[in-house]
Amino acid sequence: ASGVGMEIAVRDVPLSAAAKAAVGRGMDVTAFLSGGDDYELAFAALTSARARLAAIAAEVGVPLTRIGTVVAGEGVSVLDDAGKLLRFPRPGYTHF
């Protein structure tokens, strides 16, 4: 194993206007983070590559959003605005 994990800040995850409206009406944000068919590509890059990545993204017209940090450990942690770990009733789509 790599010995690294991820910390994702829920406030930084891009949501559609409809998802934001639903969360504003009280829907649990974890439903949008663990289910559905709204896909984005996630990747990790060195901090030193930020400016270059931003330039490439601007050049090709693709928005990039930093949503988290690589940390020592394992697994993925999603943190709320207070830095508290969010619990997911359903960790993802169940195929069977």
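**The patch and its surroundings**

Modeller: Leucine 64 sits in the loop that joins α3 to β2 (68-72), where helices (H or I, at least four residues) and strands (E, at least two) are DSSP runs numbered from the N terminus. The model is a predicted one, in which local features need pLDDT of at least 70, side-chain atom pairs count only at pLDDT 80 or more, and totals for chains, interfaces and linings use all residues. Residues are numbered from 1 along each chain as its sequence is written, and side-chain values use heavy atoms, with hydrogens and water left out.

Leucine 64 is classed as partly exposed because its relative accessibility is 43%; buried means under 20% relative accessible area, exposed over 50%, and partly exposed in between (1.4 Å probe, protein chains only). Leaving out residues up to four places away in sequence, leucine 64 touches Phe43, Leu53 and Ala57, a contact being heavy atoms within 4.5 Å.

Phenylalanine 43 belongs to the loop between α2 (30-34) and α3 (50-60). Its relative accessibility is 49%, so phenylalanine 43 counts as partly exposed. Together with Leu41, the residues Phe43 and Leu64 form a nonpolar surface patch with about 360 Å² of accessible area. Patches are made of residues with over 30% relative accessible area and no salt bridge, like charges being joined within 9 Å and nonpolar side chains (Val, Leu, Ile, Met, Phe, Trp, Tyr) within 5 Å. A salt bridge is a side-chain nitrogen of Lys or Arg within 4 Å of a carboxyl oxygen of Asp or Glu, and accessible areas come from the Shrake-Rupley method with a 1.4 Å probe, only the protein chains shown counting as cover for residues.

Another phenylalanine, residue 32, lies in helix α2. With a relative accessible area of 30%, phenylalanine 32 is partly exposed. Beyond its neighbours within four places in sequence, phenylalanine 32 is in contact with Leu15, Ala19, Ala22, Val23 and Met27. From phenylalanine 32 to alanine 18 the C-alpha distance is 11 Å, at a sequence separation of 14 residues. Lysine 20, in helix α1 (residues 17-24), stands twelve residues from phenylalanine 32, with 9.7 Å between their C-alpha atoms. Lysine 20 counts as exposed because its relative accessibility is 53%.

Aspartate 81 follows in the segment after β3 (76-79) and is exposed, with a relative accessible area of 58%. Apart from residues up to four places away in sequence, aspartate 81 touches Val10 and Arg11. Aspartate 81 and aspartate 12 are 69 residues apart in sequence, yet their C-alpha atoms lie 9.5 Å from each other.

For the protein as a whole, three helices and three strands follow the order β-α-α-α-β-β along the sequence. Of the contacts with a separation of 6 or more, 72% join residues 24 or more positions apart. Buried residues account for 15% of the 96 residues. The accessible surface comes to about 7700 Å², and 58% of that belongs to carbon and sulfur atoms. The C-alpha atoms fill a box of roughly 40 × 35 × 35 Å along the principal axes. Finally, the mean positions of the 9 positive and 10 negative charges are 3 Å apart; Lys and Arg count as positive and Asp and Glu as negative, while His and the chain ends are not counted, and each charge is placed at NZ of Lys, CZ of Arg, CG of Asp or CD of Glu.
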